[in-house]
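User: I have a structure open here and would like to talk through it with you. Can we start with a strand pairing and work outwards?

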Amino acid sequence: MKVLIIDDEKNICTSIKNIVEDEGFEAFYAMTYSEGLDKLKIYDVDVTFLDIWLPDKDGMDGLKEIKKSYPNVEVIMISGHGNIENAVDSVKLGAYDFLEKPLSLERIVVILKHLNEKISLKNDIKELKSSEIAKYQLIGESKYIKDLKATIEKVAVTNAWVLITGENGTGKEHVARLIHLLSKRANQKFIPVNCAAIPSELIESELFGYEKGAFTGAVAQKIGKFELADKGTIFLDEIGDMDLSVQAKLLRVLESGEFSRVGGNEIIKSDFRLISATNRDLQTEIENNNFREDLYYRISVVPIYVEPLRKRREDIPILVRHFVKEISIMNGLSPKSVSDSLMEVFINYDWPGNVRQLKNIIERMVVLSSGDTLDVVDAPEMILKKGSVYDGFFTDTEWSLKSAKENFEKYYILNVLKKTDWNISKAARILEIERTYLHKKIKFYNLESLRGYEDNGK
């Protein structure tokens, strides 16, 4: 903790400085307000002791200025002519406390300890929030991702309701959580509800809660999701799957902010922010009478579309490296590298399951691979184009001719081995080489890392 003392009496400055340093904190002092302001700009000050009478500034005006420019700095006012009115006014303006001269050293020590605990707690919360934001940060450098990040930052600071659309696995919930974490409601609850996972006959009681005895099995009162989301954010995922009868009740709640628990008469108000998401085309659902048009316009104040991964392939290498590193650390493994040929396969694949599918496949490869480098041989057959392990690698134009020849040989041999179910004798006949030479090639290219093989003499 860093402490600044601003007082025109040097003995006051040095006395407080000595107390602060005895408690194990850093301290600086200034004998004019302007000098103190300069130190505030230079040092990352946490606490300021500010005299109410200074030669170049009224302390109360100084307090206003400090709290406006440095809102996180805690200010303790000190005065030789203190009165109740000054004390009350300074606290109203944001001061943490008010001390009269002659100063009580014991009081200063108590204040410092309390402030240190408060600042430590604030820093812990700040670090936790930063780590949460990092957890849900969008990975990529494409123009689309940059524009999406800018939109999220702009929308997050408002209370506008948001509708997020996009295919499964694109990261719609990540976008929703990021909006919440960057909003003014970040310290309140984020309540996710998967509308597709809750049976239609139960979703009303899940959203609005129920009273004891409302129906068979209701042995106690239950608080609903909208009530839990008061002052926070409620996230209705897969809202396009919601039953029409529930849509009508939801619309009334969204219009009034009021509802009653199932089986109850008490009117409950909730100040929530709504974020919805769906992988369905709601305009088509409206045309097919599966979704209410009035509800659609209510929830889609700010529409955000999350692009599928195949439309931003330039982000794939960044995502791959990020997931490989993250998954290696999570599983206590040494970080692995990714070969150029495997990266080419990743880039060329269409990823119908989007980012979620990419992460799952990389996790499988990281866990199961035995080498330090992930290669095409580690990839599941499903992502290899046309069933060939070397399809797509010809698009890499940055290899030397020697590397290109080696890569062709490596993947052609591997493909023949897979086609012959790793029958070494049969593969050697197709390749028109000796079996011993094929063994050497398998070892040279580390092809056995795909699977164990056995020369059964066929």
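User: What is the bridge partner of Thr-165 in β15?

Analyst: This is a predicted model, and in it Thr-165 has Thr-278 of β15 as its bridge partner. That pair belongs to the contact between strand β8 (residues 162–165) and β15, which run parallel and are joined by four bridges.

User: And which residue stands opposite Ile-275 in β15?

Analyst: Phe-235 stands opposite Ile-275. Strand β12 (residues 233–237) runs parallel to β15, and four bridges join the two.

User: Is β15 enclosed or open to the outside, then, and why?

Analyst: Strand β15 (residues 273–278) is largely enclosed by the rest of the structure, because six of its six residues are buried, where buried stands for under 20% relative accessible area.

User: Which way do the side chains of β15 point?

Analyst: Arg-273, Ile-275 and Ala-277 point one way, while Leu-274, Ser-276 and Thr-278 point the other way, and all of them are buried. In a regular strand, side chains alternate between the two faces of the sheet.

User: What's the strand order of the open sheet?

Analyst: The open sheet has five strands in the order β9-β12-β15-β8-β16, with parallel pairing. The edges are β9 (190–194) and β16 (302–305), and each has a single partner strand, so one side of each is left without a neighbour in the sheet. From one strand to the next, the twist averages 20°.

User: How many bridges hold β9 to β12?

Analyst: Five bridges join β9 to β12, and these strands run parallel; Ile-191, for example, has Ile-234 in β12 as its bridge partner.

User: Switching to the surface: which residues form a nonpolar patch there?

Analyst: Phe-408, Tyr-412 and Ile-430 form a nonpolar patch on the surface, and together they have about 270 Å² of accessible area. Phe-408 lies in helix α16 (residues 401–419).

User: Why does Phe-408 count as partly exposed?

Analyst: Its relative accessibility is 36%, and the partly exposed class covers what lies between buried, under 20%, and exposed, over 50%.

User: Last topic, the overall shape: what is the radius of gyration?

Analyst: The protein has a radius of gyration of 32 Å, whereas a compact globule of 458 residues would have one near 23 Å. The C-alpha trace spans about 105 × 60 × 40 Å along its principal axes. Buried residues make up 46% of the 458 residues, and the secondary structure comes to 18 helices and 18 strands.

Conventions. Residues are numbered from 1 along each chain as its sequence is written. This is a predicted model: local features need pLDDT of at least 70, side-chain atom pairs count only at pLDDT 80 or more; totals for chains, interfaces and linings use all residues. Side-chain values use heavy atoms; hydrogens and water are left out. Patches are made of residues with over 30% relative accessible area and no salt bridge: like charges are joined within 9 Å, nonpolar side chains (Val, Leu, Ile, Met, Phe, Trp, Tyr) within 5 Å. Accessible areas come from the Shrake-Rupley method with a 1.4 Å probe; for residues, only the protein chains shown count as cover. A salt bridge is a side-chain nitrogen of Lys or Arg within 4 Å of a carboxyl oxygen of Asp or Glu. Buried means under 20% relative accessible area, exposed over 50%, partly exposed in between (1.4 Å probe, protein chains only). Two strands pair if DSSP finds at least two bridges between them. Axes are lines fitted to C-alpha atoms, for helices over the stretch in contact, and angles run from 0 to 180 degrees between N-to-C directions. The radius of gyration is taken over C-alpha atoms; the globule rule is 2.2 Å times the number of residues to the power 0.38.
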